[in-house]
Structure formats: structure tokens, C-alpha cells
Amino acid sequence: MTTVSNKMADAMVQKFSFPFTCLPCDAQPDEQPITEETRHHGNQLQEPGTQDPSDKPNQEMNTKSALKDKKENKSIIKAYLTIDKEGGASQERGQCHSKPHPTDSALRSVFSHKNMFEKWASLQCEEQRPSTKRQLSAESEAKCVSMRKRSIATGGRGEPVKPLTHTDPGTQPRKACLPISSSSQRKPRRQLFSSTGVFHKVDTHAISAGRELKEQGVFSAQSIARTITQGARNELEKLRAIWVWLCHNIEYDLEGYLGLSPKLCTPEEVIKEGRGVCSGFSSVCLEMCREVGIQCEEVSGYSKGIGHCPGRSLSQKPSDHMWNAVWVREQWGLLDACWGAGTVNMETKTFVKRFDDFYFLTDPSEFINSHFPDDQHWELLDAPISMEQFELRPLKTSAFYTLGLTLLQPTQYKITTEDGEATVSMTSSKPLTFTYELRQRDIQMGVPGQREVDSSCGLLSVTRQGMSLRLLPPDPGDYELKLFARAEGDSGALRWVCSLELECPAIRQSQPLPANPYVSWGLGTGAGELGVKGCSVLNEEPVEVGEGGECTVILHTSRPLMMVCELTHPVLDPALTKRCLALQIASERLVCHVLCPYKGFYRLSMFVRDYSDRSGSFQNAGNFLLHCKGQGADLNQLYPPDLGLWCGPGMRTEAAGLSHFSHTGALVNTPQGRCNITFHCASTELQIHVVLSAEMNQVNSKQALSAEQHQKNKVDSKHGPGSELSQKNQDNSKQGLNAELHREALFPLSRYVLLTSMDSKVTVSVSAPRFGVYRLGLYGRTPPQQDYTPLCDYVLRSTCERCGDPFPCVYSAWGKGCVLLEPRSGLLAPRSWVSFRVRVPVARRVSVLAEDRAELKMNKSRVWEGEAFTGCATQVKLIAAMSEASDMAVLMTFNVLDLKSEP
């Protein structure tokens with residue numbers, strides 16, 4: 001017990017990583033129990049107390065008689081069996097580590113496995129086992145037999161042998177206790193039963209009957225087995241009832257595993273106390289299956305459970321786990337009730353009861369990833385794997401298979417970075433939500449640290465077909481990577497599906513990535529349910545930002561959605577973030593225009609909700625990694641600070657009856673500093689109002705100085721600094737700059753926009769006062785509504801260095817149908833003749849009031865035209881009379897200004 005106690009103490013410091021493992025109850029972990037020394041004769045095992053078959057020549061020659069043939073088969077069977085005179089069933093129960101072994105290869109040269117078991121099966125069909133099946137429990141104390149195999153096939157006499165599984169010679173099991181059929185002939189689990197839901201009635205009865213038996217104080221495995229299998233129609237349903245009872249009535253004996261209390265191994269002790277280690281589960285399963293006539297074996301081996309350390313060889317340590325193999329539906333199946341009952345949290349030293357159906361008749365190809373038997377035949381595989389291959393396999397939990405996952409990369413548990421980067425990828429049979437956890441291992445202890453590595457060290461991309469994770473560890477060293485997943489739309493906790501080891505010899509010197517609290521990159525797998533059916537970004541790769549630090553991300557929608565966005569960068573001020581985003585919300589798409597002022601990586605997160613559900617919360621639809629390699633956007637050329645959520649034509653303008661926009665996007669570039677935006681209005685009652693705004697003070701001073709410096713550099717490069725032409729040009733530039741600044745001081749931005757409304761067409765004319773970025777806001781109202789409602793905003797970007805002239809100042813009499821054809825500028829030169837052409841519906845008289853009054857005449861096109869002399873007037877008025885008796889009303893005014901003479 002010293003060795004076991006030491007190993008228990010070591011296990012106490014291990015962090016929980018998987019359900020359970022256990023050592024034999026009483027035997028030393030490095031010893032194999034042997035009931036008695038066997039005697040050898042040639043290549044056959046001889047049963048003690050019987051005559052050597054070689055001394056019976058007459059018996060061997062008479063094979064024609066069926067009766068003698070039957071005796072011969074029994075003699076052959078006895079040659080493979082050795083009666084344990086001393087221990088019997090009680091010793092086997094104490095040696096919980098017994099395990100089945102195949103016969104020696106040398107024996108197969110004399111007696112064919114196939115022939116022997118075919119004859120054995122034919123005998124079984126004649127004898128009909130049910131008459132004796134219930135004798136097993138009573139007779140096992142006296143008639144238990146151990147099957148043995150030579151450790152070396154060609155060894156001589158006296159070589160040590162290992163005990164095999166127990167079986168009763170009086171019962172003659174209907175199939176051999178060793179798997180000999182090819183796994184290619186196996187039926188997968190899904191063919192044995194479509195789903196575990198077909199056992200609902202069996203499960204309900206087993207749980208309720210088990211509860212009643214516990215209240216009655218019934219702790220006999222035989223009595224319980226008979227009761228819980230009542231009503232079962234076949235062996236599969238009987239086995240299911242036993243499995244469900246075990247998982248719901250026995251808990252893992254963590255205190256026994258840790259050496260804090262004696263282990264409970266016998267079925268009676270385990271059932272009475274309701275707890276046991278793995279051998280306790282397997283022994284109870286064995287007794288119950290025997291009682292109801294199901295061929296069952298205990299299998300010992302290794303598991304990736306408590307205390308499992310990836311990379312540590314298992315060859316130098318004893319096997320630590322036990323499970324069961326059963327013969328059902330004409331094939332061997334594997335099950336582990338210990339792992340099916342729940343898991344252990346080694347941090348809190350508690351058992352977590354959680355029924356796990358995965359370990360009921362698990363497919364061998366999946367079972368082998370966590371269970372490695374001492375005897376490779378119990379792998380039940382076409383090509384059994386070695387212990388080394390088992391050790392190299394990644395650790396996959398039951399959730400990995402139940403969620404339909406397939407690990408594409410890597411193929412082994414450990415991955416090493418190349419140039420500081422490693423990739424993990426999976427496919428899934430259904431849409432899933434993924435996340436991950438990366439922890440650096442302590443260099444001295446070798447265990448994962450308590451602090452999780454920042455999510456900026458990984459790029460997780462999730463699609464409806466799987467996931468891809470690019471890892472960029474922040475420091476050299478070893479890491480533990482855990483992957484988690486859950487079904488899309490499931491609000492429960494994400495389930496641990498896989499663990500890997502990451503080795504990073506050297507890190508990559510690169511720009512830091514922004515933290516991503518939403519873990520995955522790209523369009524989210526749940527975006528479809530949110531109403532997003534596609535995205536302009538086709539993969540998880542970083543979006544390369546174009547020249548000027550500008551890029552656009554578009555979400556295509558299946559229904560009207562509302563959107564908000566979040567942009568982050570390691571050095572980007574959150575207050576400045578708003579000026580880097582312009583959103584356009586349309587009925588079939590959501591557009592996000594982004595400006596990146598700094599080099600490096602950005603995270604753009606997009607959130608949506610149903611457009612009509614104003615009380616609903618925004619849900620994350622996608623997270624995109626943007627990479628700005630160039631200079632980035634000019635901080636003085638960001639979007640206007642008062643920009644609203646409704647940029648460009650969209651849901652608001654559509655609801656107001658506006659359509660056929662000349663500019664369908666939110667951004668309008670004006671190389672000449674002027675533009676006309678037109679659209680149609682379906683409502684004759686809708687009144688449109690426009691507002692032009694910009695952050696002028698600080699921006700304009702910087703831009704003016706920049707323009708002045710640009711002009712100076714241009715002349716100096718051509719004529720040389722300090723030249724007469726250069727000095728003259730500087731004087732002219734200063735004079736022009738002063739005039740421009742004076743003009744801006746005289747006229748508000750409202751003078752640089754002109755609204756023209758016809759019957760159904762509206763034209764918004766803009767003349768930018770200088771190069772820069774402006775917000776053009778469209779508003780509307782329908783009487784008797786008093787306040788204007790925002791309809792949409794345009795972002796105007798003027799790249800023209802020449803200052804635009806303001807429009808005339810418009811008055812309320814300038815209404816629908818009025819059109820200014822000439823002059824378009826609101827600034828007139830003094831002492832000059834100016835041509836006027838204007839259309840004013842229902843006007844009876846139109847005049848220009850300057851130094852003198854000039855009457856305009858209507859031509860055949862119903863345009864009022866004529867000329868007026870500005871003289872020394874400072875203002876020119878355009879006036880009109882709408883009837884013969886009405887007074888003249890002011891339509892608009894023009895400023896007469898000589899900028900050259902202004903200081």
C-alpha cells in the first residue's frame with residue numbers, strides 16, 4: 001500500500017483535466033496478480049489436476065462421433081483454462097486489475113481460433129444458457145477461472161503468465177471472451193440505436209426503480225439487476241438499464257482516490273455506500289450483466305483522466321483505469337460507467353455529477369482517444385495503435401464528438417510555432433460557437449499558470465463549417481491551449497472539447513493586435529439568425545486598409561436592421577473613434593466607412609438588431625481585423641464630429657418617401673469644391689431643410705497655413721528661395737489668404753448651400769468655402785409638425801484649394817418651383833453689370849433692386865431675365881410681386897464686395 005499511497009499524494013496536486021483514473025484497490029500498481037504457477041507442455045497450457053491430452057491417443061482419434069466431438073471441444077477449451085485453486089472469485093474481486101488476454105500465438109498453430117470458437121458457439125446453441133445464467137453469482141466464489149497468456153509467444157516452461165478475464169466454465173459463454181472479429185464488420189453505434197432517446201422508457205424505469213430499491217435498503221447487485229431490467233425486450237435494453245442505474249446511483253470516490261479513505265471495490269460496498277473508484281463501477285457492471293445473462297468483461301488500461309500529463313510516457317507507469325466490454329448485438333462494445341456518471345473538479349476536490357451518454361457503447365475509433373487497454377485486442381480496431389501513438393493523440397472530450405467536430409490541424413497533441421505562429425483548425429457538422437483559453441505553463445512546476453493569455457495573441461475565425469485559430473504567443477515558452485464550443489443559438493456554457501500543447505521557441509516581432517472580447521474574427525456564425533446573410537469581407541484574413549487610411553465593410557441583410565459599430569486601436573483615443581466611423585443603414589445592406597489614422601491593426605466590431613425593435617439589444621454580428629500599413633488618415637480630415645447614425649440614403653429617407661438619389665453612398669468627393677445632390681420626393685407636403693456644418697476654427701487655420709506653405713514650396717522649387725518672384729508670390733498668397741479668412745468671417749456656412757424644390761424633384765447645391773470635410777444634413781417635416789426630423793447625413797470632402805463663393809441669402813418667399821439660373825454666386829463685384837435669369841412661378845413682376853431698380857422680363861421659356869448695375873451699393877435684392885395688388889417681396893439678396901480692397 002506504500003506505493004499506492006505515494007501515488008495518491010502525487011495525484012492530489014494534479015489539476016483536473018478529464019473524468020477519472022484509478023489504481024487497483026489492493027494490489028501494488030507495478031505487480032500483476034498470479035493465482036498459481038502454471039505448468040507447460042509444449043506450446044499448450046495445461047489445466048492442473050487433469051491428464052495431459054497427449055496421454056489419450058484414442059480420444060483424439062475418435063472424431064467422427066458427435067458426442068466425442070463435443071468432448072474434444074471441451075478438452076480444447078480446458079487446455080486454455082487454468083483453475084485458480086487458491087483465490088477463486090474472492091481473489092479476483094480483490095485483484096481489480098485483472099484483464100482479458102488472447103491466447104498465445106504458438107497455441108494458435110495447433111488449434112485455430114476460428115475453428116475452436118465456431119465449435120464452441122455450436123455447443124452453446126445446444127445447451128441454452130438461460131438455465132444456468134443466474135448461477136454465476138453464487139458459483140463465482142468457488143468456480144471462477146482465470147484465463148492466461150504467455151508473456152512471450154515462444155517462451156519455454158516456467159515463464160510468467162498474466163491473468164485474463166474471469167469466466168465460469170459451467171456457464172459456457174455463448175461467445176469467446178476475446179475479440180477476434182475484424183472491426184470492419186462492426187456496426188457503428190448509430191446503427192445499434194438511432195439515438196439514446198429510444199431508451200427513454202428504459203431509462204425512466206431504471207432511475208425510478210433504483211430510487212425505490214435504495215429507499216428499501218436493497219444493495220444486492222443481483223436483485224437490483226433483476227428489478228431494473230424488468231420489461232426490457234432485449235439484451236441492449238437490459239444493458240442500457242444497468243448503465244443508467246450505475247451512472248445515477250454511484251458517484252466517484254474522490255476521497256478514496258486521494259487516499260483520504262479506504263477504497264471501496266466490492267460490488268456490495270460500492271452499492272451500499274453509493275460511491276467507488278473506476279474498478280468499483282466496472283465490478284458492479286460485471287456482476288449485474290452476469291445476472292441478466294449478458295457477456296461482460298472488465299478491461300484495464302490507461303486513460304487521459306485525472307493526473308494525465310501530455311508528453312509524459314505511460315510505459316514506465318502502471319495502468320490506472322478500468323472499464324467494461326460487453327457482447328451485445330453479435331459484437332463487442334465498450335462502455336465506461338465511471339466517466340458516464342460525471343467529472344471531478346480537482347481545484348475544489350469535488351465530484352460533479354453529470355450524466356454523459358457518450359460513454360455508452362462508444363465507437364472504438366473514438367474510445368481509443370482517451371482509453372488505451374493493456375491488451376491491444378480490446379481496442380477493437382482493424383489496426384490497433386501503439387502506446388506511443390496513444391500518447392501523441394490530442395486530448396478530445398466527449399463533447400468533441402457529440403458536437404460533430406473533426407480536428408484537421410494539428411494531428412498530434414503538441415504543436416510548435418513557426419516564425420512565432422501556429423494554426424489550429426476544425427470542421428463541424430453543424431454551426432457552432434467557439435472560444436479558446438491559452439495559458440503559459442510555469443517553467444519550474446510545468447503546470448498551466450493562473451492568468452489567461454490576452455485574446456490579442458490569437459485570431460479565431462468561425463464559420464458555419466468550423467473554425468480556424470492563428471496563435472501568436474506573446475513570449476517564448478510552453479502553453480496549454482483549451483478549445484470550447486457549443487451549438488449555435490445555445491445560451492448555455494461553452495463545453496470543453498479539446499486540449500493541445502503549444503511550444504513557442506521564439507516570438508514574431510510584429511505590431512500588437514487589438515484585444516477582442518468577442519474572441520472570434522470575421523462574420524459570426526450566428527449572424528444569419530440576426531438577419532445578416534453575407535459580408536464584403538470573405539475570410540478571416542486582415543482587411544488591408546487603402547491609401548489615405550480608408551476602408552469599407554458591408555453587411556448584406558435579409559431584413560431591415562439597425563447597426564452600431566466599435567473601432568479600437570492600441571493608441572486610438574476613444575473620443576476620436578466617433579470621427580473615424582460613418583454608418584449607412586439601408587433596407588438590404590449595412591455599410592460602415594472607416595478611417596484609420598494610425599499604422600497597425602484595428603478591431604472593427606459590428607452590432608445589429610431588428611430595425612423595428614427599438615427596445616431590443618444589439619447583438620455582435622462580426623468582428624473584423626483591419627491592417628493599416630500606410631501613413632493613415634489625416635487627423636484634420638476625419639469625419640465631422642456631429643455626424644449622425646443615418647449617413648447616406650437609407651431607411652429614414654425611404655420612410656419619408658425620398659428616392660432616386662443621384663448620390664447613393666454616404667461619402668461625396670468634390671474635386672472642384674462644388675456638387676449638386678438630387679432626389680425625388682413622393683410627398684407634396686414634405687418640407688425639406690438642409691444644413692451644412694464643419695469643424696472650422698482649428699481645422700481651417702491649419703489647412704490655411706498648409707496651403708500657404710504648399711504654394712511657397714511650389715514657387716521656391718521653380719524660381720529659387722528669396723527670388724523676386726518668390727517674394728511677390730508670398731505677398732499675393734498672404735493677401736489672398738487674408739481675403740479668404742475675411743470672407744469666411746462674413747458668411748456663415750448656411751450661405752454655401754442652396755435648396756431648389758420643383759414639383760417632385762429636389763436639388764441641393766453645395767459650394768465648399770475651402771478644401772476640407774463637411775457634413776450635409778437633410779431634414780424633413782410635414783405640417784402641422786413643427787420640428788424637422790433628421791433624414792440622412794452626407795459627408796462632403798472638398799479637395800479644391802480655391803475657395804468657393806457663397807450662394808445668395810434666401811428668404812421665405814423663395815419657395816417651391818423657384819430656380820436661380822444666373823448669377824449662381826452670392827458675391828457681386830462693385831460698379832459692374834450683372835445678368836439675372838430666374839424662374840419664379842405665379843410671379844407678376846420681378847425686379848432687381850441695386851443702386852437703381854431694374855425690371856426683369858419673362859421670355860418664352862417663362863424665365864425672368866435682364867441686367868442690373870451694382871454701382872456703389874453693398875447689397876443687391878431680387879424682389880417679386882405675386883399679384884398685381886400685392887407688395888414686392890424679397891426673394892434673395894446678393895452681397896457686393898471687393899475682396900481685393902478689404903484689409
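Predicted model: local features only at pLDDT ≥ 70, side-chain atom pairs only at ≥ 80, totals over all residues.
Let me start with Thr406, which stands opposite Thr427 of strand S17, where a strand is a DSSP run of E with at least two residues, a helix is a run of H or I with at least four, and both are numbered from the N terminus. Residues are numbered from 1 along each chain as its sequence is written, and side-chain values use heavy atoms, with hydrogens and water left out.

What is the place of Tyr479? Tyr479 sits in strand S22, residues 477-487, and at 0% relative accessibility Tyr479 counts as buried. Leaving aside residues up to four places away in sequence, Tyr479 touches a set of residues that includes Leu438, Arg441, Val453, Pro473 and Leu500, where contact means heavy atoms within 4.5 Å. For Arg441, which is 38 residues from Tyr479 along the chain, the separation of the two C-alpha atoms is 5.3 Å.

For the chain as a whole, there are 23 helices and 49 strands, and of its 903 residues 52% count as buried. Of the contacts with a separation of 6 or more, 70% are between residues 24 or more positions apart.

Let me turn now to an open sheet of four strands, with the order S10-S9-S8-S13 and antiparallel pairing. Strand S10 (331-335) and strand S13 (371-373) are at the edges, each with a single partner strand, so one side of each is left without a neighbour in the sheet. From one strand to the next the twist averages 45°, with axes taken as lines fitted to C-alpha atoms, for helices over the stretch in contact, and with angles running from 0 to 180 degrees between N-to-C directions. Strand S8, residues 296-303, is joined to S13 by three antiparallel bridges, and Tyr302 stands opposite Phe372 in S13. Helix H11, residues 235-249, packs on this sheet, touching strand S9 (321-328) and S10, and its direction makes about 160° with that of S9. Helix H14, residues 278-291, lies across S8, S9 and S10 and runs at about 20° to S9.

Ser283 is found in helix H14, is buried with a relative accessible area of 7%, and touches Cys265, Pro267 and Glu298, not counting residues up to four places away in sequence. Ser319, in the loop between S8 and S9, is buried as well, with a relative accessible area of 4%, and its C-alpha atom is separated by 9.0 Å from that of Phe372, 53 residues away along the chain.

Finally, another open sheet has four strands in the order S34-S40-S39-S36, with mixed pairing. Its edge strands are S34 (667-670) and S36 (687-693), each of which pairs on one side only. S36 pairs with strand S39, residues 772-781, in the antiparallel sense over seven bridges, and Ile688 stands opposite Gly780 in S39.

Notes:
Pairing = 2+ DSSP bridges. Buried < 20%, exposed > 50% of the residue type's maximum accessible area, 1.4 Å probe, protein only.
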